[in-house]
Amino acid sequence: MSSRTTVLALLASATALPAMAEVNIYSYRQPELIAPLLDAFTEETGIETNSVYIDQGIVERLQAEGDRSPADIILTVDISRLSRAKEAGVTQAVQSDVLEEHIPEALRDPEGHWYGLTTRGRIVYASKERVDPSEITTYKNLADPKWEGRICTRSGTHVYTLGLVSAMIEHYGEEETRTWLEGVKSNLARDPEGNDRAQVRAIWAGECDISLGNTYYMGAMMNDPEQQEWANAVNVTFPTFEDNDTTHVNISGVAMTNSAPHPEDAKAFMEFLASPEAQKIYADVVHEYPADPETAPSDLVAGWGEIKPDTTNLEAIAAHRADALRLVQEVNFDGGA
């Protein structure tokens, strides 16, 4: 056999080998939060995972990489980021009976481009010393003059704030939401600054009495010896929309990239994340509510009280994001020059 024939035979043999079973992940979620999930997935399926932490610009990176992108999966938080990935054309539809069984319709894209994995309520942290929990009723109530000089919050242009403002627009329309934003702004103890935990620290320090925040930050603070004192200074309360008596929730979610080199492995990973096993890991590790209604939250999260989540489809809320940003800017919510 000639050397050329031998080389061709070796190439043909190599081509016939099965592709390596693996999933490549671009993740907005920090490595320590998803490591238990990746380990459990590999243990159950034998499929290896490779994860890259990207704290911003996932969509832009995928657009730049195009068809050469190694990424199969994106993991991110906030409905607007998932919706934007779909609009940018960097995701593909995934149809799965498993995903549809475990993920409620309101928490998934109607065309299957993204699926929610966990939810987090946008709630009010209230001083145990200066606020009776019964005083926290509705989101609209935050504009009541009784809260003048008593509210702390992060920037109005942050995605978490814009998510709530977008939900207010969906429930009440632009003009009522503008009036509400102006009322909340007039009640601020200081210009918006810092993250959600910084607001709780400000309550502990006596700088304000209530703040807006995501539920899971309470779990994060309780697990941090330096921040436990802040957490112990507040109650978790659940304001609601007046029209349906529910609390605004946002999500963390998953999507398959439109150029996924390992689509079958990627689909298996998505289905695993929706499984009761993975949902329980999410509940215990990240202190969020499982998307699967059959999976209970952790004992810690359940101890904060019952949440009745808004079931408005998140795509409808995400559609108001541009208007939400415009309103925030028009009322100069963040203050300053």
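Hi everyone. Let's start with one cysteine: Cys152 has 0% relative accessibility, so this residue counts as buried. Please keep in mind that we're looking at a predicted model.

Now, which residue does Cys152 pair with? Its partner is Cys208, and the two form a disulfide with their sulfur atoms 2.2 Å apart. As for where they sit, the bond ties together distant parts of the chain. Cys152 belongs to strand 6, residues 151–152, while Cys208 lies in the loop between helix 8 (196–204) and strand 7 (210–214).

Is Cys208 buried or exposed? Cys208 is buried, because its relative accessible area is 1%, and the cut-off for buried is under 20%. How about the handedness of the bond? The torsion about the S-S bond is about -120 degrees, so this disulfide is left-handed. And for those of you counting, the model has 1 disulfide.

Let's move over to helix 3, which covers residues 58–65. Which of its residues are buried? They are Ile58, Val59, Leu62 and Glu65. If you look down the axis of helix 3, these buried residues fall within an arc of 130 degrees, so they line one face of the helix.

And what do the buried residues of helix 3 pack against? On the strand side, the partners are strand 1 (22–27), strand 3 (73–77) and strand 9 (249–257); helix 4 (79–87) is a partner too.

One last stop, just after helix 3: there, Gly66 takes a positive phi of about 60 degrees.

Definitions and conventions:
Residues numbered from 1 in each chain as written. Predicted model: local features only at pLDDT ≥ 70, side-chain atom pairs only at ≥ 80, totals over all residues. Heavy atoms only, no water. Disulfide = S-S within 2.5 Å. Helix = DSSP H or I, 4+ residues; strand = E, 2+ residues; numbered from the N terminus. Buried < 20%, exposed > 50% of the residue type's maximum accessible area, 1.4 Å probe, protein only. Arc of directions from axis to C-beta. Contact = heavy atoms within 4.5 Å.
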